[in-house]
Amino acid sequence: MTLAIVLAAGPAAGLTTDAGERLADRLAGQWRRAGADEVRVAADLSELADLVAAATGPVLVSGADLVAHTAVLKHLATSPVGPTVALVLTDPPAAGQATVREERGQVVAVDDPAGVTGVFGGALRVGPADLPALAAAARAVAGSATGGPASALDRTVAGLVGCGALVFAQRVRLLVAHRVGDPAELAAAQAAVAAVNEDRAELKLSVKERDDFFTTFFVSTWSPYVTKAAARIGLGPTAVTMISVAFAVAAAVLFGVGGRLALVAGGVLLYLGFVLDCVDGQLARYTRHFSAWGGWLDTMADRAKEYVVYAGLGYGATHAGFRYGWALALAAMTLQTVRHMTDTWYGVLHDEAARRPRPAIGDAGGIGGKLNAASTKVQADTGSVSYWLKRTVVFPIGERWALMAIAAALFGPLVALCAVLVWAVLAFAYTGALRTLRARWMRVPVLTTVDTGLHRDDGPLVRAMPVVRAPLVLAVVGALGAAGLLLWALLAVHAGGDLPGWAVTFALVVLLSGAQGARAAHDGPLDWLVPAALRAGEYLFAIAVGVAGRVSPWLIFGYVFVLTLHHYDLTARLEKRQVAPPLHVATLGWEGRSALLTIGSIAGIASIALATLGTYLLVVFVASVVLAWVVLPARARGGDRSPG
């Protein structure tokens, strides 16, 4: 149950609208329309603290001085960015209003004169885990002799942030929200609210404020019309996601069939599938229908669609006479997955850095600090050539799908795969070099703040390994060993010979060196690269086993595809702050799976090993999804409904 509390303290508590309604009562009605299950008006901070202490679900809090569209409050109440979110305005700070500093969407400081980015908007949503901190902050301010009544809520928010709570910022765009202190300000704010068409503004707000070049200029210019139509006919975000998947699968089939007409049709379907991929998020924002299931499904579907298209291109290139079409598809999938792993963990690193003090070397210290300052400057100059170049060179999803669609339609599957690989390699080199330098400057460990074993995807064999305090070095050595085995296998097969069993065993031993750092502290400035290195090692080792055993390329692709689903499940849960999959232990860990493949390779049944283990992992993945999103939620609700 969601509780909304209006703090009727300060000069604004006595203000009334033109209709004679108190601002506090008007806000109470707006909170009900925004989705609050219960609304209470608190006369002071002590009463607010008592209400918060008794609450068991999310709490919405606002002062009586806020004049805003109801949609602003609804957006705050339903914001998917985090459990605790504060409204942030760009208005000039008035007496008694706290200034804030944001970094990467987080409120990292309140009333800090350095780097002010906005002012507290007089409303916040607090997740259940942060309620004790909010109650304590309110009681501390209530018992303080300093500060006036007008700044009571602001000082409470300052106390909440000061105690270490993770508070995200909810900005107001297109809609109107102002804090008022006298009748003149109230009249001006009400006029500003009345001048904006709320529904039209919400439709525009469904489009991301900052997106990539292709998405911004070739999708978002018309996708809101599709979003509006989908909302009118009652389609939900999940339904749109599934239609997008169908379009991508159809495009992959057409790419595999070949022929100019099929390739052009596949390119068109791939583009339309990407439009729908954008529409599902826009529809969720427009209708405010957010769910953990929807966010997880969107992340998983994006990767699955892309890799199915790689498969279609690989089959099409092979069908057209190129011997290594599946090899290119495998390389594209492996490279893209490892890139995504670095993207995910670098994002976690940056978020963690935003909440910590600057390093002793200072903001401008060294090349990392200079790169950070330059990047911040470019990101702030939206619309400039450098801004769009920076967003495009990293090869985001819109550009990848556009390149595949255009290259396949004009030149065929082989050119499309080669173009994707070349751009992806260049983007990986560019982002990897810059992020490494910036990470060394930030000096922030991130794997010490999470379940390291889970996100490394360690299995039971790890516990038997000796501990060596160099997790990144060991993971990289293991990946290089797997790469060496793959090269050896390719040369042996090309020469018509066989790879000796001892070579696979030796490569496994080298790969397992990465397990020796599992129980060591992952607190180095570059240890955020460990999960990506482990993924690269496992994928390359599996491919090498398949090549050495002369396994059908499509079967090797299928096995690695199932592995990527498992690993994207872990990263999606990290991004959505969710617990481990219910059957994670049954996946055996990266080292257990690699050991089983080694046994299969030595026994001469590599095809059977890959097929059996891949099928087993797929069954475990599907069962885990059903348990996590259907069975367990139904038990928690006491019903038998599917998540939506």
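A cavity here is a set of points, on a 1 Å grid over the protein atoms alone, where a 1.4 Å probe fits but cannot get out. By that rule, this predicted model has 3 cavities of 30 Å³ or more, a volume being the space filled by probe spheres set on the points, with grid points joined across faces, edges and corners. Because the model is predicted, local features need pLDDT of at least 70 and side-chain atom pairs count only at pLDDT 80 or more, while totals for chains, interfaces and linings use all residues. Residues are numbered from 1 along each chain as its sequence is written, and side-chain values use heavy atoms, with hydrogens and water left out.

**Cavities**
- The largest cavity holds about 80 Å³ of space.
- Its lining (residues with an atom within 4 Å of a point) includes V562, H566, D569, L583, H584 and F621.
- Helices α22 (553-575) and α24 (606-637) each supply at least two residues of that lining; helices are DSSP runs of H or I, at least four residues, numbered from the N terminus.
- By class, the lining of the largest cavity has 7 nonpolar, 4 polar and 1 charged residues. Ala, Val, Leu, Ile, Met, Phe, Trp, Tyr, Cys and Pro count as nonpolar, Asp, Glu, Lys and Arg as charged, and the others, Gly among them, as polar.
- The second largest cavity has about 60 Å³ of space, and M341, W345, H455, P531, R535, H567, L570, T571 and L574 line it.
- Two or more residues of this second lining come from each of α13, α21 (530-548) and α22, with α22 giving the largest share, 4 residues.

**Cores**
- The largest nonpolar core has 117 residues, and W296, Y310, F541, F557 and Y559 have the most contacts inside it. Such a core is a set of buried Ala, Val, Leu, Ile, Met, Phe, Trp, Tyr and Cys residues joined through side-chain atoms within 4.5 Å, where buried means under 20% relative accessible area with a 1.4 Å probe, protein chains only.
- Helix α13 (residues 325-354) gives the most to this core, with 14 residues.
- Apart from it sits another core of 34 residues, I5, A42, A55 and A165 among them.
- Y310 touches (heavy atoms within 4.5 Å) A329, M333, R400 and F557, among others.

**Helix α19**
- The end C-alpha atoms of α19 (residues 471-494) are 35 Å apart, which agrees with the 34 Å that its 24 residues should span at 1.5 Å a residue; the expected span is 1.5 Å times one less than the number of residues.
- Its buried residues, including L474, G478 and L485, pack against α20 (501-511) and α21.
- After α19 comes G496, with a positive phi near 85 degrees.

Terms used:
Buried < 20%, exposed > 50% of the residue type's maximum accessible area, 1.4 Å probe, protein only. 1 Å grid on protein atoms, 1.4 Å probe; cavity = no way out; pocket = protein on both sides within 12 Å on 5 of 7 lines; lining within 4 Å. Lists of a residue's contacts leave out its neighbours within four places in sequence.
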